[in-house]
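Morning, everyone. Please have a look at it first.

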Amino acid sequence: MSEETPGRLHHGLRARILELRVTLWTLIVPPTVWAVHFLFCYLWVAISCAKMGGFPRFPTAFVAGTAAAIAVILASGVIAWVQARRPGDPPPHDQSTDTDRTRFLAVATLLLAALSAVGVAFTAAPALMLTDCR
Amino acid sequence: MSLHAQDDPQLRAAQEERLRATWKPPQGLFLRWTDTNNNRVGVWYTLTAFGFMLFAGVLALIMRTQLAVPDNDLVSANGFNQLFTLHGSMMMFLFAVPMFEAVSIILLPQLLGARDLPFPRLSAFGYWSFLIGGVFVSGSIFFNAAPDGGWFMYPPFTTRTDLSGLGADIWMLGLSFIEVSSVAAAVELIVGVLKCRPPGMRLNLMPLYAWYILVVAVMILFAFPPLIAGDILFELERLLGWSFFDPAKGGDPILWQHLFWIFGHPEVYIVFLPSIALFAMIVPTFARRHLLGYPWIVLAAVGTAFLSFGLWVHHMFTTGLPKISLAFFSAASEAVAIPTGIQIFAFIATLWAGRVVWSVPLLYAVGSIAIFVIGGLTGVMVAIAPFDWQAHDTYFVVAHLHYVLIGGTLIPLFGGLYYYWPLITGKKLSDRIGRTAFWFLFAGANLTFFPMHFSGLMGMPRRVFTYPSELGVDGFNLASTIGAYVFAAGVLLVCIDLALSPRRAKAERNPWAAGTLEWLAHPDDEDWGIRSVPLIESRYPIWDQKDFVRKVDEGRFFLPDAEEGRRETIVTTVLDARPLQVLRLGGPSWKPMATAVALGSVFILTTYHLYWWSLVGAVATLAMVLWWLWSGTAEIPEKDEKPIGHGMTLPLYLSGPSASGWWAMFITMMADATAFSGLVFGYFFFWTRHEDFPPSGVGMDGPGAFWPMVALGVSLASWAATVAAREVHARGGVSAARALLAAGALLSLAAVGAGLAGPWTTGLEPKLHVYPAIVWTLAIWTSAHSGVGAICQLYALARSLAGRTTPRHDADVRNITVYHHFLAITAIVTYLTIGLFPGLA
């Protein structure tokens, strides 16, 4: 699929990451995680307020869900970081080559991961400060 | 290049003659309207949407005239209600969204170096649906029957037939019809961007306009269907008396607000992003350099699209939802400012780094950013819940939304008009009139809407037909009215400029010296789209690739001929645009128009409660769709493959996930699944709203677990038969596949019966309470889909029997299998929910 030479690469995680396929689907992993986390928080509050009349201050499911979301976004960001630095082809990386296409998708994924991490933090913040259903 | 076949001028002339004959538009008073070529359909679409914009603008002028002075009596309260409802509804549904679709239908094939979009007849169908539905909705005001519940049609005023007349039905059914055409356009544009790019145009070289259109079209798939689900519930309540929004019967008007705004907020970005997309084309041209931060723009488009689905409750901050819920949406509303800001900074940076050529389109672009930013800043204000509680439903919100929409949609479109007019007509518009019009528009918009911030903060509610002098907002309102006329004068100047255009001389080719593909268009344009499909190596091929224009013109790239007299374009892979297929396109046909008329009759006749006639219309629609598919799709070509030049040969037939038809089915079903999830959301929404859900009592105990489980079993068996049919068929087992399809159809029909048997045998009474109503709705939705599933299976069977589907040419079987995957998911969710959830709850 790609033309890069693994000359500078060592065996291990970095090499394995560089072999991962980058597609339009991997591009939307970080924002999809944000969306799932957002929906989860919204439904969790709506259901616990309607059916239980309140929710606890640091509910396990909420903390675990947020941690999981951040973890996936982080992983996606790290993969994109490594992929965006794959060797081959000179800058400015806007040629019609496999490497440049992969780099572009990786950079866009990395940026989306940053935005999604901010988004998840924004969503989680209210639950730290508001503690009732009024 | 010296020994190239295309060096022969006689060969080139012969090719051009064949292409010209193949793409010749139909002639004649009626037949000319059967054309499906994107350059014609797109222009009709654009002009119609522009006409609706002018109409809705006149409605706004009447409103502003009424509000010029206190206690005015130019129009009645009722008339005013119709005016603002129709103004908002038309601007959103008949102008902003269709305009982006229309412009994209014109531009996208040019930007992608394609001869046309993959489904030209679908575009034509969308256009005719839009025209019929639009005339139906907007014409209602001449009969004093226009909708009057505000463009978001909140129940209970709109669902109670004693409080709102025919207008509410016209809104619901007329605009539902237009939503169908929007989903059709979304299918067309997504498949167009993903599969019809020229060879070499990998994802990283795609024009940013195409990125934005891809994102926006995907947003339509997830935004419009919840509204369609809401429309269904709404009309079931209005026409049949089923209760969904009436609290007396367990309903809740808030559900409508959820479903409307899950559509309504992404909608704002659906109309904003395509205009920003025009900037992404205009700015680099006049900065004379590549756009800075290409991946950042893609981040902004994709990020905005996602975040925009987490904002809807900020329209509902005053409905009494838990504060913490409001906080989630407030947070997302603030977060969306990040990607929005990024794209604006990318444009500013590009202008900064470039050598700017000051031009009329750029003036519009820059001016609209200024207006948009003001709207964006007040948006950040109203996204903060406590501020919104003060400003909600006042003129402050009117000011905010108009700044956003005028700065983010309307003025960019005028800029796009000045920029792309030479592309479409071969003539430039007047720079002088354009500049003058711009300053009228710019001054008018600010004079109209800036004072509204103050009148709103001083307590003037929106949607009042008059106000007392004691409120102290006379001066602000008079200023707004004067501003509205100044703005209208600007629009008038643009119209005059357009009207003068036919008298002007043709401009030179590529008059702005732009670098992107669409400017290959020649002032004396041919109907074939592009002379030869180029190999792309840069984001700005006209600037960067040597002899690019000449090579395209001399047919030195791919597909320079139409040997068989068929309209064709190249299908490529999603990521890297490697050539896959020569796709034969649908030519002129009256079937799309007739199908739109038939489908329109279903919606329009239902509005007037002529149910039997609308059933006739529905049968006619089904018949037309089947005939259209049978006669125009998945045609087995006369040969397997054809050469496209440069020694490349491509197949003429594809099936499965690499084919455009498969993608169209997949995308359509995504929209269908989203609408379904809106209904399921309704079920669980009501569960959270009630202590005892499902309730007990006569007419409310059901549907039991037995029939739903039978229906589920039968549905899954039908799905298994379909998948098995596909697999056996691909291995040559034609008879076995036919038997499986026939068995699958019988099972699907059995699923229809079993699905309805649950609520039927337990006597669920939908008029009694929301629980039986929502159970019936889910059961009918799923059963109807099983019915369509049976039609799909029988269609594939008939195609096989007629020899139009063979193991090598099996697109029909593969495409209906996609339908059945989605049907299986629908059945699982529905029958588990209505059958087993009552036991859990």
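One definition before we start: a helix here is a DSSP run of at least four residues, and a strand is a run of at least two. With that in hand, take residues 22-46 of chain A. That span is 88% helix and 0% strand. Its end C-alpha atoms lie 36 Å apart.

A word on what you are looking at. This is a predicted model. The predictor gives the complex an ipTM of 0.91 and a pTM of 0.94. For chain B, the mean pLDDT is 94, and 100% of its residues reach 70 or more.

Residues 104-130 of chain A are 96% helix and 0% strand. There, the end C-alpha atoms are 40 Å apart.

Now the record for chain B. Over residues 17-550, chain B is 66% helix and 0% strand. The end C-alpha atoms of that stretch are 19 Å apart.

How do the chains meet? Chain A brings 37 residues to the contact, and chain B brings 35. On the chain A side, the elements giving two or more residues are H2 (24-27), H3 (29-52) and H5 (98-129). Which helix gives the largest share of that side? H5(A) does, with 16 residues. By class, the chain A side has 28 nonpolar, four polar and five charged residues.

Next, helix packing inside chain B. I have two pairs.

Pair one is H23 (residues 770-801) and H24 (residues 811-840) of chain B. Their axes are 10 Å apart, at an angle of about 160 degrees. Angles over 145 degrees count as roughly antiparallel, so H23(B) and H24(B) are roughly antiparallel to each other. The crossing of H23(B) past H24(B) is left-handed. Residues in this contact include Val775(B), Leu778(B) and Arg799(B) from H23(B), and Asp812(B), Tyr819(B) and Leu823(B) from H24(B). The class count for this contact is twelve nonpolar, nine polar and two charged.

Pair two is H5 (residues 166-195) and H18 (residues 591-607) of chain B. The angle is about 170 degrees, and the axes are 9 Å apart. H5(B) and H18(B) are therefore also roughly antiparallel to each other. From H5(B), the contact residues include Leu166(B), Asp169(B) and Phe177(B). H18(B) contributes Gly600(B), Phe603(B), Thr606(B) and Thr607(B). This contact divides into five nonpolar, five polar and one charged.

Last topic: backbone details. Most residues other than glycine have a negative phi, and most peptide bonds are trans. Chain B has exceptions to show you.

Which residues does a cis peptide bond join? Phe693(B) and Pro694(B), with omega about 5 degrees. Gly702(B) and Pro703(B) are joined by a cis peptide bond too, with omega about 0 degrees. Where do the prolines sit? Pro694(B) is in the loop between H20 (660-689) and H21 (706-730) of chain B. Pro703(B) also lies in the loop between H20 and H21.

Then there is Ala577(B). It is not a glycine, yet its phi is positive, at about 50 degrees. Find Ala577(B) in the loop between strands E1 (568-572) and E2 (579-584) of chain B.

Notes. Residues are numbered from 1 along each chain as its sequence is written. Chains are lettered from A and ligands numbered from 1 in the order in which they are written. This is a predicted model: local features need pLDDT of at least 70, side-chain atom pairs count only at pLDDT 80 or more; totals for chains, interfaces and linings use all residues. pLDDT is the predictor's confidence in each residue, from 0 to 100. Two residues are in contact if their C-beta atoms, placed from the backbone, lie within 7 Å. Ala, Val, Leu, Ile, Met, Phe, Trp, Tyr, Cys and Pro count as nonpolar, Asp, Glu, Lys and Arg as charged, and the others, Gly among them, as polar. Axes are lines fitted to C-alpha atoms, for helices over the stretch in contact, and angles run from 0 to 180 degrees between N-to-C directions. Angles under 35 degrees count as roughly parallel, over 145 as roughly antiparallel, 65 to 115 as roughly perpendicular and the rest as oblique. A crossing is left-handed if the near helix is turned anticlockwise from the far one by less than a right angle, and right-handed if clockwise.
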